[in-house]
Amino acid sequence: MTDRAADGNSAALLVDGLVAGYGEVTALNDVTVTAQAGGITAVLGANGAGKTTLLRAVSGLIRPRRGRILLADHDVAGRSPEQIVRAGIAHVPEGQGVIPELTVEENLRIGMMSWRGGRPARAAAMEEEYTRFKPLADRRRKLASTLSGGERQMLVIARALLARPRVLLLDEPSLGLAPRVMAQVMDLVVRLSRERGLTIVLVEQNARSALAVADHGVVLNLGRVVASADAATLAADVALRHHYLGF
Amino acid sequence: MRTLPRRLAVAVIVAVIVAFLSIKLNAFRDYQIAEIAIEVTAVAGLTMLTGLSGQISLGNGAFMAIGAYTTALLLMHLNWPFYLVLVIAAAVTAAAGAVVGIAAARLHGPYLAGATLLLGVALPSLALAYAGAFGGDQGLNVVFTVPAFLGVNFPLTRWQAWVSALVALIVLVLLANLDRSRIGRNWRAVRDNEVAATLDGINVAAARVRAFVVSAACAGLAGALLAIVTGLVAPGGFTLTLSIALLTAAVIGGLGSLPGALWGSLVIVLVPTYVTDVATSHGLSSTVGSNIPIVAYGVLLILVMLVFPNGIQGGLLRLVSAFLGPDPKSRIRRTAPAPHVTPSADEAPASQHEKEGTS
Amino acid sequence: MVEFLQFTLSGIVFGMIYAAIALSLVLIWRGTRLLNFAQGGMAMLTTYVAIEVIYKTHSYWAGFVVALVAGLILGAASELTVVRPTVGKPELNSVIVTIGLLIFYEGLAGILFGGQYRSFPAGFSIIGLKVGSTALGVSRFDVFTALAVLATTLILAVMFRYTTAGLRMRAAAFNATVARLSGIRVARVLTVGWALAGLLGALAGVLVSPSTFLYPNSMDAIFVLGFTAAVIGGLDSPVGAVVGALLLGIALSYVGGYLNSDLTSLVALGILVVVLMIRPNGLFAAARMRRV
């Protein structure tokens, strides 16, 4: 039974009634989010709203207390991260993703750890990413610590893509980047979705730029969903923007 | 301060009981009473150091050696009254504890464990290296006699038991006071979160050194008692095994708990001989018999850490509260160190239930 | 001058043994942030297994190989049963748990094999080698010892740097979260790390036991010095472990040779204190790189 969103697209990822937290703190309370296949869903809200917790629950870093996480009818709630990435969800965590002590190439190879394929296939896949991300190709044998902020973001996204996911969770990809680089990253996110049909769940503090690229948006506040609508509607709702999104 | 009279009353009662037992029981039991008292003195200091201030020491056997050798040398060369010698031994060891504490103030976790481990192994070898002064392998003999006023027929073992028990009780009362004082609270604060403690205005380094000083003084006293009870001070008596035994007793009894020090000491002193007797009476060789307690200690340490974090004392408190019901004024308090953030917490393997901030 | 050469060479040999222990400790530390106090005990146990095999088969090499395999198994078993539950708990817990494991292994050895000192054979001649008429102070077996540890170290280094399995272990050690999100089964990696550490310990055990005799506590002293070497080098650094171990081995050899062998552990303590005062995290402690 495939859950269908209003416009008839099937949902690649459905988070249903999720309750999760840390120790005695409940960070997510009955959260439901639908991510359309091939689209970009933005998860917005102030600090502490639960955005990162949501992604961590979906990717398995935290075990949810209640609720389902359906990936094409398959409930993956409570599985380990290693299993979930093999099921097809890749998570690019906030702020930490590059392993600076390893080279660019080694960082990328890690992305393929969930594969079963042989060397030729892996080498080909890596070349593909190098073609897509030229700066990484230039630095392939250098330590990842030598990359700039924007290049690091490219690296973690490339690595996540190498896991061949169906759903990509991006946590604050533009954090700490200069505005021009931020724009490039957003551009990249859009292209990933359009060109590859990747379903993207995008957590962003910068709600304005997120809504500019997203198809659909969900606003969280203190662990609950306070709004869920297509991006244009949310962007037009001035009261909502002022109250929860800061612009 | 209200509780001090109560503690003294308890101590006096225990002292009377011990005196009674020592008169009724035979010389071997007297010796065991002394052994237990010595162990309690040392373990109590260690359990405060590790349980309250969070600093692990695998070298308290070295402090016992310092106390023992100081005692032996003073008695041998100067023949001062033993109570004076005990105090001096404690003071000398306390000074050594200060030195170690200062050197160790910046060390944490495995680095601290390693340094104290090496201390425990290296210090006794001083006695071998300078055999002239310290008696080398054979060690130094200690002569300890019953004072005249007790009469000619008073058994030496009973006197040794009385002296040891008295010292142990005094130490326990003093430590109990420290535990409840500001110093004890500061130790717990430093153990739980050094950064928060600093922000609270606590001088973390001073608190840590103080803990080492106290623990060393206790170990030094225990070593001094060991000297006068066993009559011999030699490097072979202060091996790594001793330091590990102290830690084992502290953990099994309940880290950070003074009653726990007593339980742990009882186990460490009484169980081996009992088990060996049982084993040999069933036909097992004495080698096997003497190793069974060792295997048991290993298993106990593991079980306590994994399943019963507060050791025997924790188990007893839970039994008591099960009978009496939850009592808001009860003194059930956390005796095990709380989970604290180590400097390299961000390297720990991610668990399913990470405790990090929300976003 | 000849004495200096002899002390230096034998210091290197002992240094290599400390290096094996130090490396096993670093391996486990990097993977699990844990200090394995039972490392010496595990090495002792595998050496007992070796000697039983040698008695039965009259083959040194059979015993040697079995010891290494037993080391792999014992290491993995220790991690799976006792250490895994302590992950994520206060670090004091794992220190005490591994000490408990140590005591357990030593008691077990006493029960199974008895407490008497047993002699352990050397795989090669222990007669001192000579160059011309100068005695070198080391034997063929000593040379084998040094080379065996060196070879094992190099093999492990190559494995870490150039194989996928090695990359998995490095990733898991540097950033377990990212490793898990990439599908690396970090738990399995940890078990492998402990197995390899067990192998290194077993190697140290069979190499040193001809000199120390074998009894339940025979690996205690070697463990302490291997531990010291690892701490001096910095627990995060395999290179540091080897350098620290060689420095320690050579220094202690001079002290034992020129001064007094009873002073060696005191000198080791002195070196440790000095190093930790200057660098509380060891000589090769890398400046923590910021994670972005």
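Helix 5 of chain C, residues 140-162, has 23 residues, which at 1.5 Å a residue should span 33 Å; the end C-alpha atoms are 32 Å apart, so the two values agree. The expected span is 1.5 Å times one less than the number of residues. Helices (H or I, at least four residues) and strands (E, at least two) are DSSP runs, numbered from the N terminus.

This is a predicted model, in which local features need pLDDT of at least 70, side-chain atom pairs count only at pLDDT 80 or more, and totals for chains, interfaces and linings use all residues. Residues are numbered from 1 along each chain as its sequence is written, while chains are lettered from A and ligands numbered from 1 in the order in which they are written.

Within helix 5 of chain C, the buried residues are C:Phe141, C:Asp142, C:Thr145, C:Ala146, C:Val149 and C:Thr152. Buried means that 20 or more other C-beta atoms, placed from the backbone, lie within 10 Å of the residue's own. An α-helix has 3.6 residues a turn, so residues three or four places apart point the same way. The cover over these buried residues includes helix 1 (2-32), strand 2 (134-139) and helix 8 (186-212) of chain C.

Chain C also meets chain B: 49 residues of chain C are in contact (C-beta atoms, placed from the backbone, within 7 Å) with 46 residues of chain B. On the chain C side, helix 4 (91-113), helix 7 (176-181), helix 9 (220-233) and helix 11 (264-278) each supply at least two residues. Helix 4 of chain C gives the largest share, 16 residues.

The contact between chain A and chain C takes 26 residues from chain A and 17 residues from chain C.

Definitions and conventions. Contact = placed C-beta atoms within 7 Å. Buried ≥ 20, exposed ≤ 12 C-beta atoms within 10 Å, placed from the backbone.
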